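Please look at the sequence and structure before reading the solutions.

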Amino acid sequence: MSGDKPKFRFADNLVFLGFHVATVVLVALAGVSWGAVAFMALMYALIMFGITAGYHRYFAHRSFRTSRAFQFVLALLGTLAIQKGVLWWAAHHRRHHRESDQEGDVHSPVRRGFWWSHVGWIMSPDFMETDFDGIKDMARYPELRWLNQHFILPFAAMCALVNFTLGFQYLVWGCFVSTIFLWHATFCINSMAHLLGRRVYETTDQSRNNVLLALMTHGEGWHNNHHYYAASVRQGFRWWQVDLSYMVLCALEAVGVVWGLKRPPAEVVDGWLGGVDHLIARRPAATPAPLGAMAPAAAAAVVAVAAVAPLGAPPPAVHDAPPSTSTAVE
Ligand SMILES: [Zn+2]
Ligand SMILES: [Zn+2]
């Protein structure tokens, strides 16, 4: 990208808009049934897992480990959301964290407006290329490079398969309607999660925690937590911060499919002062200040939070070595 700031251009987004119009027409033609809606919900949940656990927490942040085979499964699931290729997505997301809400951020709503951050940037011709230098660790797998380049193919194959096995109505709801929900839910993390919600940790960006977004995206809405400690596989730090993708990953860990899950250390989570009175926690100092030294409101918030929101189980030890039965990915 060079020179001028890229801008939201209507013409760049015609494919995106056309997909919406086509979906409305297809829904009118296909009608609706409870079965089709249930299938849509199933596809949404499955593919959202591919985006949040795969594209985001694994490929962009390497917050857990898995086998090369399951790594491919995660990439394939995420690719079904047609949000471009896995390496393209993860490399741009790493850049978002490096320069969040600063000049170099590719999708900051604070700097370039809501529509640019929501969809303009992903459809812009200025950001078509994969930044392979930014994702060298994953770009060394030829199957991922192939999938990155042919990211439309799995979606096309899924459409054909659903149409020929379950029929036209299931195709429309399970592949088209679900994709629109997946797009907007995911894109809301880039746009709304930097605009609406509570800031409880001090970060250099405008990231926010938003319970509605967290429910829509299986845990990604705890975005201020995530920007504060992006290495963590768990984004809902507190027991009440629902993080469905993390729960599923814990289940997969229990059966040995994934391992080495990086949890947030207790001192990171305890830097939280609560969302009341707009208190913002700082990174914990070596010697924490005594309660008496805090502002009265801050001290009251700490007491209140400690009383109602105890930290869950202590973080279990991270596996040093993968199970011997799996082919570990370095
Ligand atoms: Zn991230
Ligand atoms: Zn962000």
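The bend at a residue is the angle between axes fitted to the seven residues ending there and the seven starting there. Helices (H or I, at least four residues) and strands (E, at least two) are DSSP runs, numbered from the N terminus. This is a predicted model, in which local features need pLDDT of at least 70 and side-chain atom pairs count only at pLDDT 80 or more, while totals for chains, interfaces and linings use all residues. Residues are numbered from 1 along each chain as its sequence is written, and chains are lettered from A and ligands numbered from 1 in the order in which they are written.

**Exercise 1.** Describe the course of α10.

*Solution.* Step one: the expected span of a helix is 1.5 Å times one less than its number of residues. Step two: the 23 residues of α10 should therefore span 33 Å, and the 33 Å between its end C-alpha atoms agrees with this. Step three: at Ser178, α10 bends by about 30°.

**Exercise 2.** State the secondary structure of the protein chain.

*Solution.* The chain contains 15 helices and two strands.

**Exercise 3.** Identify which residues touch the most other members of the largest nonpolar core.

*Solution.* Step one: a nonpolar core is a set of buried Ala, Val, Leu, Ile, Met, Phe, Trp, Tyr and Cys residues joined through C-beta atoms within 7 Å; buried means that 20 or more other C-beta atoms, placed from the backbone, lie within 10 Å of a residue's own. Step two: this core has 55 residues, and Ile47, Phe59, Val86, Leu87 and Ala90 touch the most other members. Step three: α2 contributes the most, with 13 residues.

Definitions and conventions
A residue is buried if 20 or more other C-beta atoms lie within 10 Å of its own, exposed if 12 or fewer, and partly exposed in between; C-beta atoms are placed from the backbone.
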